[in-house]
Amino acid sequence: MTVIGKLWGYSAQRQTIIILSAAALSGLDIDIPHFEFGVTNRTPEFLEKFPFGKIPAFEDSTGFSLVEGIAIARHVCSLAPESGLLGRDARERALIDQWVQFAEYEIMAFNMEIRALHSGRLGPHSKEGRSLRYLETYLASCSSGFLVGDQITLADIALAASTQQIGRVTCGAAERVLYPSIFAHYDRVVSIPGIKENFGEPDFVQERLAYNENH
């Protein structure tokens, strides 16, 4: 089978299983370098390629790199369209996206939250700050002001919708100052005719939602 790149992860990880399964059904092969969580993904070499330090992480032979399991899986499937894993027409593709997102956000999100609460690894704002710092650095490097390429894409609209929500809940005025590129991106997207009308007013809070451990 054709080797399409390298995947850093571990065999029991759900996203890694999805990616390797998609590759197998597509007649493709992926190299799996030795990986030790908390060690490999903190090395300068790894962080140079994948600044967020997250797995699974993929790099092809040209140096093109991706993180986020479903994005990697979709990319793998797209290299072998004849496999049919991404659907055969626009409707099938939409339904596949629907069920992928359902599995991710309606099942796994709650499962992971329960596991984190049970293990004591989840607290107020425990992961959001790290993600926002990573996103802030990335957007600051985007000369176009958009996430992908030099024009607006669905990714920008999705991010702006999420930014509006955090501005209403977890990012008060003091927090928003820390992420100028994120909120500049929001302003840019919602200023586009056809988008502003749907987003409405930002209604950002002055103080972020306080955490009450008794609730």
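Reader: Leaving aside its neighbours within four places in sequence, what is S144 in contact with?
Author: S144 touches G149, D150 and R188, contact meaning heavy atoms within 4.5 Å. Bear in mind that this is a predicted model: local features need pLDDT of at least 70 and side-chain atom pairs 80 or more, while totals for chains, interfaces and linings use all residues. Numbering starts from 1 along each chain as its sequence is written, and side-chain values use heavy atoms, without hydrogens and water.

Reader: Where is S144 found, and is it buried or exposed?
Author: S144 is in the loop between α5 (128-140) and α6 (154-169); helices here are DSSP runs of H or I with at least four residues, strands runs of E with at least two, numbered from the N terminus. S144 counts as buried because its relative accessibility is 19%; the cut-offs are under 20% for buried, over 50% for exposed and partly exposed in between, with a 1.4 Å probe and protein chains only.

Reader: What lies 2.8 Å from a polar atom of the S144 side chain?
Author: That's the backbone oxygen of G149.

Reader: OK, sheet next. What order do the four strands have?
Author: The order is β2-β1-β3-β4, in an open sheet with mixed pairing; strands pair if DSSP finds at least two bridges between them. β2 (28-31) and β4 (65-67) are at the edges with a single partner strand each, so one side of each has no neighbour in the sheet. From one strand to the next, the twist averages 30°.

Reader: How many bridges join β3 to β4?
Author: Three, and β3 (residues 57-60) runs antiparallel to β4. Within β4, L66 is the bridge partner of F58.

Reader: Which strands does helix α3 touch?
Author: Helix α3 (residues 69-78) packs on the sheet and touches β1, β2, β3 and β4, with its direction at about 135° to that of β4. Helix α1 (residues 14-25) lies across β1 (2-8) and β2, at about 140° to β2. Those angles run from 0 to 180 degrees between N-to-C directions, using lines fitted to C-alpha atoms, for helices over the stretch in contact.

Reader: Last topic: how many aromatic pairs does the structure hold?
Author: Nine; rings of Phe, Tyr and Trp (its six-membered ring) pair if their centres lie within 6.5 Å, with planes under 30 degrees apart called stacked, over 60 edge-to-face and the rest tilted. One of them is F183 with F204, edge-to-face at 5.6 Å centre to centre and 85° between the planes. The two are 21 residues apart, F183 in helix α8 (residues 180-190) and F204 in the segment after α9 (196-199), and the pair links distant parts of the chain.

Reader: Is F183 buried or exposed?
Author: Buried, at 8% relative accessibility, whereas F204 is partly exposed at 24%.

Reader: And which residues do ring pairs link into a cluster?
Author: W8, F35, F37, F46 and F50.

Note on methods
A polar contact is a pair of N or O atoms within 3.5 Å; within protein, one must be able to donate a hydrogen and the other to accept it, and residues adjacent in sequence count only if both atoms are side-chain atoms.
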